[in-house]
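Hi,

Here is the structure I promised to pass on.

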Amino acid sequence: MIRPVAEGPSAERGASALPLPQGEPELLRRAAGRIGSIGSAADGTATVRGALAPLLTEVWTGAAAGQAVTEARALGERSRRVVAALPSAERVLTRYAAVLDETRRLTRALQSRWDVAQDDQDRDRRRLEMVQATTGTDQSSALQEVAERHRAVQARLAQRHTSERESLRNAARDARSALYALSEATLPAGGRPSAESVQAALTGDLGFAAGAERARAARRAGLDAAVPWRRITASGQAGDAEIDALAALLGTVAADPLAAQAFLEEVGIGQVQETLAGVSRPGSAGSLDTTRSLAVALGTVFVSATAPRATGSDPRTARQLASRAALLQDEAVRSVTAVVTTGEGQHDSGYWLLAQLVVGARGAGVTTRLPTGFARRLVGAAAAAEVTRSRDPRFVGRHGSTRVPDGDRQFASLFEDGDRTGDALHVLLQEATRSVGDADDVARLLATPVPGPLRNGRGEPAVLAEYLVRRWVTHTVSSPQAPTDLELATNADLGHLMAALGSGPQVAALRSRVMIEVGRTNELAQREWATILQYESNSAGIESSAVEWLQQMPESVGVTLHGRSLEQPPAEGVAGGYAVPVGDDVQPLLADRELTRLVGAFAVGHDLAPGPDEPAAAYQQLMAGEVTRLTEQVQAGLDPDDTLLRLGFYHGSGSAALLSRAERQDELNERMWHNLADLKNLADPKERLEAAVTLATEGTNRSALDDFTISVVRSREAILQAEANEARFAALLGTVTTLLRGAPSCTPEDASRLYPLARGAALAPPTVPAAELRQVRDREVAAALRAMLPEVAQEHVEKVHEAFTDRVEEDKRRRQERDRTGPEPGVGHRGRAHVGRPG
């Protein structure tokens, strides 16, 4: 009987039965080569050679230098131990790579022999099976013999494979032991070898070295962040997803000042401004919320880079932070004057974009203060740029940016409350205020020069305090249709800063500069009704402070009015005659014209209703203070002459300002009547052509009757104001006379005691008496009447003129009666009701 053919052994191939050992010899050789290269490079460094410490002692002294030298020596010793072990590590890895390479080669050979033996067995088995199938003879024993012979071959190959793997394991164990032994020269016992552990062992307790490594890592992170930033911003189509990605990327950068600095150095502040302007432009793909998130992230990076906190940093890293921050600060100040233009014709000034970054950072809770000097430079540059932009035709009606503000706001902003967050100078000024340390810092801030063509009342380059007083003028130049009740946020900033000043020459000079500018801008404002209201809205607060300053400088006013020196040298540090020493004090010093303007600013209000103006509250406060001082002097038996001189001068200056206002009202009223008369004559269709020709050739088509009528009906504000001024001086004279009668050295008959009062009034700008003004007006009416009726007899002209005069006198009598009995019900007092503004 024929037996079944026995099954052959498993047909497992050599690659599976005899697996290759893991590992790449080539990678090991490369690692060994890198170790060798690192060792060679390290051998050439000053630290390993021990030359760093001597070099430091040659170029550096002080406590920090001593610490650096000590650390350099320690780092050199540790580094030499590590570097000395590197050649051995290179050799160990090279030897193991050779053993691994040879073992893998032998294993492949064994795999090949395994496969050949397997093929031989399969061939013999198929041959015997065919013989058994064709002849019917039993081939079981032959097949069994073939299988046993094959198993023997496999056993020998497997044994050889096991032997080679064991040899490789022994080589790996030896290499590992050798490398661990080398690691113990650097790492503490039991430490796990890694790049971090080696770094910690070398520099963990060395502040300078650890700081240098941390700085390198942080700067690498900042530079790496610039790559995706450029990729995203280069597309020009950043939507919400891209902006969110940028904000998240910047969040990691802002956490470390070194990384933030590296990022800004690589990208550039100008590119940051352009990106913010681009993604926030109207019609961009990003929403307002994501745009704000980007502004917040960029602002945080900006503050972190330009105002780095060096807490915990070694001296070397701290110096690097400060040095790089200074360079970025310079770049930021230069960027203030830039204008970023997008494709839609939108223009954003550099100082506005910087302010948006700062607003974003503060909104995110960043509390780090900008360095005092940096913030001061930003404010000065922003003020100069604002003046320049006010003359830029691209920014007509806009401030800092041509974006349309929300609602009735004057300033555009990416954030809420545009008149504050969009007022770039206010934002930067608040940053400067936050950074000041003491009153001297405040004085330096207010004395910051404003570069450019802007000049003060004395023709000198303006400083920040002066510009803040007149900033509303710059605003109206750019926006002629600005609302009359506009109140700039920087007005309160100026008031707070001036109140925070201490004393000394610089403070006195700043007060002098501010008072000069108050008088100057008030005089400018009187030209138009709108500018009068804008002056009132923006200068009431600082005007109130100026009254107090003027009351505190009587000796300085005396210097101005007497035209003499106090026979003391100029105050130290005060240039240009803005202050004068008075004993141990220093007071502001104004020229006579400047003092006149200032008192005039106090006197005039914002009421242009018909009739004479009463002096405004600031002037009344000034005069009341002087009367109080006079009372105290008389009661104490002191010489009151200087106080009387000031009282007379203040009255004369205030009266001159009020009269000048009244004269301008008369001029405007006359001009109005002239225009109405010209238009009246153009209204008649029959006479229109002739009237138009007359108007074009002669400048007017008014008739003699028109001129006479106008001379009769036009306003008489100057006459009424002159009368009110004279009545007020008479009241002042009465008050002073009453006070002097109580003086021990004065009798009622001693009229010479009133001479300083009259002299002070004479030092003020001269004014025309009311009687003379009435005579001039009478002659004007008479001349107009003669021109109208040349054929009428002189007595008729005189009768008409007499009737007109009687009317004027009747009006005067009724006004005096009303003044004695008080105002009619519902009629209030004209002029400013208060100096400052509530709230």
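Below is what I found, starting with the whole chain and then going into details.

Before anything else: this is a predicted model, where local features need pLDDT of at least 70 and side-chain atom pairs count only at pLDDT 80 or more, while totals for chains, interfaces and linings use all residues. Residues are numbered from 1 along each chain as its sequence is written, and side-chain values use heavy atoms, with hydrogens and water left out.

**The whole chain**

The protein chain has 32 helices and four strands. Both kinds of element are DSSP runs numbered from the N terminus (helices are H or I with at least four residues, strands are E with at least two). Of the 839 residues in the chain, 47% are buried. Buried means under 20% relative accessible area, exposed means over 50%, and partly exposed is in between (1.4 Å probe, protein chains only). As for contacts (heavy atoms within 4.5 Å), take those in the chain between residues at least 6 apart in sequence: 77% of them join residues at least 24 apart.

**Salt bridges**

Side chains of opposite charge can pair when their charged atoms come close. A salt bridge here is a side-chain nitrogen of Lys or Arg within 4 Å of a carboxyl oxygen of Asp or Glu, and the structure holds 39 of them.

- Asp119 and Arg13 form a salt bridge, at 3.2 Å from N to O. The two sit in distant parts of the chain, 106 residues apart: Asp119 belongs to helix 5 (residues 63-135), and Arg13 to the segment before helix 1 (14-17). Asp119 is partly exposed at 36% relative accessibility, and Arg13 is partly exposed too, at 38%.
- In the salt bridge of Asp330 with Arg377, the closest N and O atoms are 2.9 Å apart. Asp330 is in helix 13 (residues 315-335) and Arg377 in helix 15 (residues 372-390), so this pair ties together parts 47 residues apart in sequence. Asp330 has a relative accessible area of 30%, so it counts as partly exposed, and Arg377 is partly exposed with 36%.
- Arg714 and Glu670 meet in a salt bridge at 4.0 Å, N to O. Arg714 is in the loop between helix 28 (704-713) and helix 29 (717-741), whereas Glu670 is in helix 26 (residues 641-683), so the pair ties together parts 44 residues apart in sequence. Arg714 is buried, with a relative accessible area of 10%, but Glu670 is partly exposed at 24%.

There is also a network: Glu26, Arg29, Arg30 and Asp101 are joined by salt bridges that share partners.

**Helices**

How do helix 9 and helix 10 pack? Helix 9 (residues 240-254) and helix 10 (residues 257-267) meet at an angle of about 125 degrees, with their axes 7 Å apart. Axes are lines fitted to C-alpha atoms, for helices over the stretch in contact, and angles run from 0 to 180 degrees between N-to-C directions. The two helices are therefore oblique to each other; under 35 degrees would count as roughly parallel, over 145 as roughly antiparallel, 65 to 115 as roughly perpendicular, and the rest is oblique. Leu250, Val253 and Ala254 of helix 9 make the contact with Ala259, Ala260 and Phe263 of helix 10.

Helix 11 (residues 269-279) has eight of its 11 residues buried, so it is largely enclosed by the rest of the structure. Among those buried residues are Ile269, Val272 and Leu276.

Phe649 is in helix 26 and is buried, at 0% relative accessibility. Leaving aside neighbours within four places in sequence, Phe649 has contacts including Leu561, Leu595 and Gly760.

Glu717, in helix 29, is buried as well, with a relative accessible area of 8%. Beyond its neighbours within four places in sequence, Glu717 is in contact with residues including Pro610, Ala662 and Asp666.
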